[in-house]
Amino acid sequence: MTRARLATAAGALALVAGGIGFGIARLGNTASSPTQQAQTNQRKILYWYDPMIPAEHHDGPGLSSMGMKTIPRYADDGTGANAMPGVTIDAGSMQRLGARIVSAERGTLANAVTVTGSIEFDERTLAVIQARSAGFVQRVYARAPGDVVSAGAPLADLLVPEWAGAQAEYEAVRRTGDASLTRAARQRMTLLGMTGSTGGRTTIRTPIGGVIKTLSVRQGMTLAQGQTLAEVNGLGTVWLNAAVPEAGAGTLRVGTPVTATLAAFPGETFAGRITAILPQAQAETRTLTVRIELANRGGRLRPGMFASVALGQDSRDRLLVPSEAVIRTGRRTLVMLAGPGGRFRPAEVRTGTEGGGKTEILAGLAEGEKVVASGQFLIDSEASLAGLEARPIGDEAKPQPKQPSAATGQVYETVGRVETLDASSITLSHEPVPAIGWPAMTMSFRVANPALLRGYKKGDRVRFGFDQPSEGPTLRRIMQERSR
């Protein structure tokens with residue numbers, strides 16, 4: 001009886017188990033049908049992988065050995081007849097990578113380099129004062145090295161015996177009435193540096209105004225012919241010698257306008273122009289010295305002062321991409337091109353100046369082409385895994401004809417005061433020029449037509465227009481500004 005009951009219970013359990021199994025199987029078949037249909041309609045997935053370690057393959061979605069989500073690799077990547085060569089990354093993966101796509105655009109790099117420098121004397125305005133004849137120092141004036149003197153300031157009174165003899169000879173010959181001998185005696189006096197009847201005495205004066213650098217004359221001393229008595233350096237202009245890293249010096253040109261600020265004059269800007277790039281580099285600092293000429297109104301700029309200099313403020317049009325988009329491998333420089341359909345391909349480029357988060361592209365890209373600005377290293381690793389060759393320089397799309405720019409040859413206008421002028425240049429203290437971001441400052445302008453300056457003088461208030469060719473800011477028009 002007991003055995004019969006056990007048999008009946010076992011049969012019931014088997015029947016229930018069979019029913020449950022049938023239900024699970026039925027449910028499984030029902031749930032898998034849409035998935036199978038989706039697999040039929042979707043692209044075929046070869047494997048799943050982590051872009052950070054593309055050599056690691058997985059059979060399905062999940063996490064890689066680094067704990068990152070895997071993404072699919074499709075069988076039809078790059079097989080389209082018209083597809084751009086490259087690898088395909090879907091939009092969701094691009095979002096997870098934090099990739100950002102931008103276009104190569106034309107623009108300018110302003111204030112590409114900021115360096116430091118110091119004020120020095122303008123050695124081109126150095127005057128050397130020498131004795132024309134041997135003699136004695138009878139008197140010296142209260143002068144010392146470092147004194148600032150005006151042009152014609154006396155330094156010393158000299159007694160020149162040879163002058164007294166030459167003058168006596170001239171007077172004696174003149175009394176004879178012999179014209180030829182008289183001319184010869186007068187010529188001898190001229191060669192000795194005499195300007196007339198001096199009695200053998202003369203006063204040595206400074207030929208220019210400036211600072212006395214050296215003074216070698218003392219009362220009672222004997223002088224030899226040609227002996228140097230003093231050196232005077234002019235202060236109308238000064239040099240600002242700036243140390244520029246050799247890596248960035250190749251883009252600098254003589255004539256490029258620059259601006260400088262000094263700790264001694266906070267909030268004030270001084271404008272100048274590069275006059276020379278010295279030929280020898282400093283081996284210890286790997287820098288080149290750039291010489292900048294500054295106007296020194298009132299002698300405020302003193303040698304030895306420290307200055308901060310903004311270089312490279314030219315308005316040259318360049319093709320630019322974000323600096324973070326550039327991949328430097330050591331052997332070559334690449335960017336990651338972004339094509340239609342989420343396809344990407346590396347392209348070799350040649351770069352130029354860098355500044356303000358932008359890098360100049362000299363070759364390898366055309367205006368308007370799109371590049372990956374962030375996350376490109378992971379895409380590049382995928383391209384390397386696929387054995388994809390980088391597009392060589394020269395295969396880029398041909399640039400479209402450039403439309404005339406309103407800024408090309410544009411004349412900017414402002415108001416200023418004439419500080420100095422000559423036949424080829426004019427220095428003006430002018431108001432701001434908002435169109436090109438210039439503050440109020442004093443700077444020099446080239447004058448292509450000297451006739452423009454006819455009738456103007458220092459102190460005139462004028463309205464003027466200028467443009468910025470490669471030679472530097474150039475005055476194009478000028479007129480008297482009416483009183484306000």
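This is a predicted model: local features need pLDDT of at least 70, side-chain atom pairs count only at pLDDT 80 or more; totals for chains, interfaces and linings use all residues.
## Basis and overall make-up

Local features need pLDDT of at least 70 and side-chain atom pairs pLDDT 80 or more, while totals for chains, interfaces and linings use all residues. Residues are numbered from 1 along each chain, and side-chain values use heavy atoms, without hydrogens and water.

The chain has 6 helices and 32 strands, taken as DSSP runs (H or I, at least four residues; E, at least two) numbered from the N terminus. Of its 484 residues, 36% are buried, meaning under 20% relative accessible area with a 1.4 Å probe, protein chains only.

## Nonpolar cores

A nonpolar core is a set of buried Ala, Val, Leu, Ile, Met, Phe, Trp, Tyr and Cys residues joined through side-chain atoms within 4.5 Å. The largest has 24 residues, and Ile-129, Val-137, Leu-158, Met-194, Ile-212 and Leu-223 have the most contacts inside it. At least two residues of this core come from each of strand 11 (154-159), helix 3 (161-176), helix 4 (179-191), strand 13 (210-215) and strand 15 (228-233). A second, separate core of 21 residues includes Ala-242, Val-290, Ala-307 and Leu-311.

## Helix 3 and helix 4

The two helices pack at about 165 degrees, with axes 9 Å apart; the axes are lines fitted to C-alpha atoms over the stretch in contact, and angles run from 0 to 180 degrees between N-to-C directions. Helix 3 and helix 4 are therefore roughly antiparallel, the term for angles over 145 degrees.

By class, their contact (heavy atoms within 4.5 Å) has 6 nonpolar, 2 polar and 5 charged residues.

Conventions: Buried means under 20% relative accessible area, exposed over 50%, partly exposed in between (1.4 Å probe, protein chains only). Angles under 35 degrees count as roughly parallel, over 145 as roughly antiparallel, 65 to 115 as roughly perpendicular and the rest as oblique. Ala, Val, Leu, Ile, Met, Phe, Trp, Tyr, Cys and Pro count as nonpolar, Asp, Glu, Lys and Arg as charged, and the others, Gly among them, as polar.
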